[in-house]
Amino acid sequence: MLDTAAPPVGFAVRCTRTLLSPWSRLSFLVLMLAAAITAVLAFEPQRLLSAGWPPQVSGAAAVVLFGVAYGLCTAAFVPRPILNLAAGALFGSQAGLVAAVAGTVVGAGIAFGLGRVLGQDALRPLLRGRALLAADGQLSRHGFRTMLAIRLFPGVPFAAANYCAAVSRMGWLPFLLATGIGSIPNTAAYVIAGSSAASPTSPAFLIAMGFIALSGLAAAVVAWRKRHRLRGERPAA
């Protein structure tokens, strides 16, 4: 009689399966993000970028390098407003806006890719509750429209939106397009403020700061209304 028993699984195969399991990949993502945050706190790369690092590079090369560094910094949770102000101060309103928006898309793409590859399989089964399921449904079915609205209102943290979109079934192209288009108004305001910071009484600076304040206020109002609407929809005990 032929022996139909399956051959024993080798040690190397078991190790590979363990390392590639959803929870192992999620653990690696958490460790990677913790290391990135620690590096940011220790070395403060935003200060280097604000000072025009590296000083020997100029022109278009400096804009490209700044955009790449901007993306890496945002993926490591460096606040975008600081980098946007630095982009305007270093390159002016036009080139600074190009560098900042490009860096925004690069950083969002890095975070989205990390979350999709390392975190989605482990986190999707944990989606419970009406709020989480509703957010997942919005991002999965209406990804471009939802992400565009999130980027236009600065109340949602940039990194949180990236990783929430990565856990959903949203596609790459809608995510990146919505990020690039939706980030332009608020990013432009910070870049213009940075480029005209030397003249704080100039119309450009005052208009930019007014737009930042109004957009922040609008985001707070929308968040407050959403919160009270959700409270009102809760069934009575």
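Student: What covers the buried residues of α9?

Tutor: Buried means under 20% relative accessible area, exposed over 50%, and partly exposed in between, with a 1.4 Å probe and protein chains only. Contact means heavy atoms within 4.5 Å. Helices (H or I, at least four residues) and strands (E, at least two) are DSSP runs, numbered from the N terminus. Here the cover of the buried residues of α9 includes α5 (80-123), α7 (143-152), α8 (158-167) and α10 (184-195). The buried residues of α9 (residues 172-182) are F175, A178, T179, G180 and G182.

Student: Before I go on, what kind of model is this?

Tutor: It is a predicted model, in which local features need pLDDT of at least 70 and side-chain atom pairs count only at pLDDT 80 or more, while totals for chains, interfaces and linings use all residues. Residues are numbered from 1 along each chain as its sequence is written, and side-chain values use heavy atoms, leaving out hydrogens and water.

Student: How many helices and strands are there in the chain?

Tutor: The chain has 11 helices and zero strands. Of its 237 residues, 36% count as buried. Among contacts between residues at least 6 apart in sequence, 77% join residues at least 24 apart.

Student: Back to α9, then. Which residues form a nonpolar patch on the surface?

Tutor: Patches are made of residues with over 30% relative accessible area and no salt bridge; like charges are joined within 9 Å, and nonpolar side chains (Val, Leu, Ile, Met, Phe, Trp, Tyr) within 5 Å. Accessible areas come from the Shrake-Rupley method with a 1.4 Å probe, and for residues only the protein chains shown count as cover. In this structure the nonpolar patch consists of F144, L173, L177 and I181, with about 380 Å² of accessible area together. Its largest share, three residues, comes from α9.

Student: Is L177 buried or exposed, or in between?

Tutor: L177 is partly exposed, because its relative accessible area is 43%.

Student: And why does T104 count as buried?

Tutor: T104 counts as buried because its relative accessibility is 0%. This residue sits in helix α5. Setting aside residues up to four places away in sequence, T104 touches Y70, R80, F158, T179 and S183. A polar contact is a pair of N or O atoms within 3.5 Å; within protein, one must be able to donate a hydrogen and the other to accept it, and residues adjacent in sequence count only if both atoms are side-chain atoms. The side chains of T104 and Y70 make such a contact, at 3.3 Å.

Student: Which residues in the largest nonpolar core touch the most other members?

Tutor: A nonpolar core is a set of buried Ala, Val, Leu, Ile, Met, Phe, Trp, Tyr and Cys residues joined through side-chain atoms within 4.5 Å. The largest one has 15 residues, and L49, F66, Y70, C73, V78, L83 and A100 touch the most other members. Helices α4 (59-75) and α5 each supply at least two residues of this core. A second, separate core of 10 residues includes A108, L139, M147 and F175.

Student: What about charges: which residue forms a salt bridge with E44?

Tutor: A salt bridge is a side-chain nitrogen of Lys or Arg within 4 Å of a carboxyl oxygen of Asp or Glu. A search of the whole structure finds one. R47 forms a salt bridge with E44, and their closest N and O atoms are 2.5 Å apart. R47 counts as exposed because its relative accessibility is 58%, whereas E44 is partly exposed at 30%.
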